[in-house]
Amino acid sequence: MSAPVIEVAGLSVRYRTAKGPALAVDDVGFALSPGERLGLVGESGSGKSTTVLALMRMIKPPGAIDGRILLEGRDVLALSEEELRRARFARMSLVPQGAMSSLNPVLRIRSQFADLFAAHGERADGHRIAALLARVGLPAGVADRHPHELSGGMKQRVCIALAIALTPAVILADEPTSALDVVVQKQVLATLGRVQQEIGAAIVLIGHDMALMAHFVDRIGVMYAGRLVETGPVKAVFRAPRHPYTRMLIGALPSLTERRAFQGIPGVPPSLTDRPPGCPFQTRCPAAEARCRTEAPPARTVGPGHEAACHFAEAA
Amino acid sequence: MTGAAPRRTGRLEAIDAGVVFRSGFGGRTAKAALKDATLSIGGDRPTIVAVVGESGSGKTTLTRLLLGFQAPTTGKVAYRGVDLTRMDGAGRRAFRREVQAVFQDPFEVFNPFYRVDHALFTPLKSFRIADDRATALALIERALETVGLRPGETLGRYPHQLSGGQRQRVMIARALLLDPHIILADEPVSMVDASLRSTILQTLLRLKDEAGISLVYVTHDLTTAYQVADSVVVLYAGSVVETGDVEAVIRRPRHPYTRALVDAIPSPDPDVPWDLSATEPTEAGTGLPATGCPFAPRCPRAAVACTAGLPPLAEIDPGRRVRCLFPMEAA
């Protein structure tokens, strides 16, 4: 294993609210090797997007980030504003949620690339832009179009081209295909995977579609109420999930092979301002015992690179 | 619901229904949102029909036609054999009561200033179903229990105090209060988390099995359609491209678009192959215009003949219709 390109430890994001502090991300840690693909899954409000925004240091007050983020050995939280600006997109880029609407509607695609290059002191010639567009499967003529002239899939490809333009070491992609139709979604995901491999970047992919994740990422992280409750090699996690929440999430996946065999997860996630003591999942967990109501379970190693934060992870 | 399922005989049909939107000076620009849509739901036996399509495929237009929110520009939509646009007052009132809808966004359908009770009492009042508040309350409590909500934890709350899944179930309960024959559910789970999705889908299944209600389940998600529906209608760019028994359509898609749709869906088992590399960019297309079959520009089987006109929706097997000149082999 080569040295990790990104190392996250004890990452927390707190928001001050009228009801008291809300812990949106709670003690999240992971490390990624070059070229590695990590998928983060979880319900809405589980802290997936906030984690990714925290990695880019894009949490605004009243939100506060704690913990350590090492990007290629540099402490992201200690960077000056100027250093951070230079690192963004050059070393770590973001394909934001709803990337399709993140393009500037009044600028031609060419200008959006030019802006990015100019911000990093680089010149943008037509060849370079055409090469980037070709890389994501778009004709060079797209450079002269405005965003509204492109289909959703094409806009998403432009966003991917922007994210890889400066060959970053880490790409963060927040639901990059969720607004697209399934056929286009598969094509765009294929392109994202190919260019990510070509430039050798690690990727953190956020998604709510676990089935899609299962086929794209090397490792998967399951988030619940701000915590990473299980991480591990994707096949190991799907074959033998060790956290009850992961097990229920996988059981809730409908498939095209078997009818009516999927189950729901009763209950709702806890409020971030009023979390239950002990394990955050205890209010919905079918296997919860007295200990789960008082004692928060630490992450336990249950296999090679496979951890689960459950008191009974070994027994599962 | 108690006892044997009551007989619910209302049948809702769209027959070659189409909608053309006109815009520009004197309506010179015409855009066909839906062409020749045929669908039948309800009648003798409760069924769930899934209408599957991507954004812009005409799902919403078809839903609006079936609810009578919009009149078709060609063909017709009929309930109990009567054209919706020619119904008398009594017929219209029966239609409004017997055909109910559940919409996509469980956040927008509630008035945030009223408790959810308001959304439940109002239809009972408008249709004069309950004579007094106690009777109304009893009906409401029963409807909430049918959808798996505890009345004590639901009534008296404001919409923002309920989760998306709870709100969506309140809307299903509201539809149930009117004792409907048919429910149109337009993307009822697309804004709900995975953990609650199956709970709601199971509620819909129970309505069919226990209450004998027929459902139109409109969705972009073929997987959930497969989970709940008996038959499926696949829409593409305003045309019905394939219809049939859901098991048959998923196992042996005959229209190339349905095939592409099935292939684009990954199995939740990472060991089942799902080839990403084989699908890379085909948005460039075949170069054929969409003058005939709307799928011709993207279709791997398209030929020049496909551009001549919209192919007919032909019955190629009993109960199976495909709008394609070169359907996939049955094997």
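Two strands pair if DSSP finds at least two bridges between them. Helices (H or I, at least four residues) and strands (E, at least two) are DSSP runs, numbered from the N terminus. By that rule, strand E10 (residues 227-233) and strand E12 (residues 306-308) of chain A pair in the antiparallel sense, over two bridges.

This is a predicted model, in which local features need pLDDT of at least 70 and side-chain atom pairs count only at pLDDT 80 or more, while totals for chains, interfaces and linings use all residues. Residues are numbered from 1 along each chain as its sequence is written, chains are lettered from A and ligands numbered from 1 in the order in which they are written, and side-chain values use heavy atoms, with hydrogens and water left out.

**The sheet of chain A**

- Eight strands form an open sheet with mixed pairing, in the order E6-E7-E8-E3-E9-E10-E12-E11.
- Strand E6 (92-95) and strand E11 (300-303) stand at the edges with a single partner strand each, so one side of each has no neighbour in the sheet.
- Neighbouring strands are turned by 20° against each other on average, direction ignored.
- Thr231(A) stands opposite Glu307(A) in E12(A).

**Helices on the sheet**

- H6(A) packs on the sheet and touches strands E3 (37-41), E7 (170-174) and E8 (202-206) of chain A.
- The direction of H6(A) makes about 155° with that of E8(A). Axes are lines fitted to C-alpha atoms, for helices over the stretch in contact, and angles run from 0 to 180 degrees between N-to-C directions.
- Helix H9 (residues 244-251) of chain A also packs on the sheet, touching E9 (219-224) and E10, at about 105° to the direction of E9(A).

**The interface of chains A and B**

- In contact (heavy atoms within 4.5 Å) are 44 residues of chain A and 47 residues of chain B.
- The buried area is about 3900 Å², of which carbon and sulfur atoms give 57%. Buried area is the accessible area (1.4 Å probe) that two parts lose on being put together, summed over both.
- In chain A, Lys186(A), His215(A) and Leu256(A) lose the most area to chain B, together 22% of what that side buries.
- Two salt bridges are counted between the chains, each a side-chain nitrogen of Lys or Arg within 4 Å of a carboxyl oxygen of Asp or Glu.
- Arg239(A) and Asp271(B) meet in a salt bridge through their side chains (3.3 Å, N to O).
- Helices H5 (152-164), H6 (182-199), H7 (210-214) and H8 (234-239) of chain A each give two or more residues to the side that touches chain B.
- H6(A) gives the largest share of that side, ten residues.
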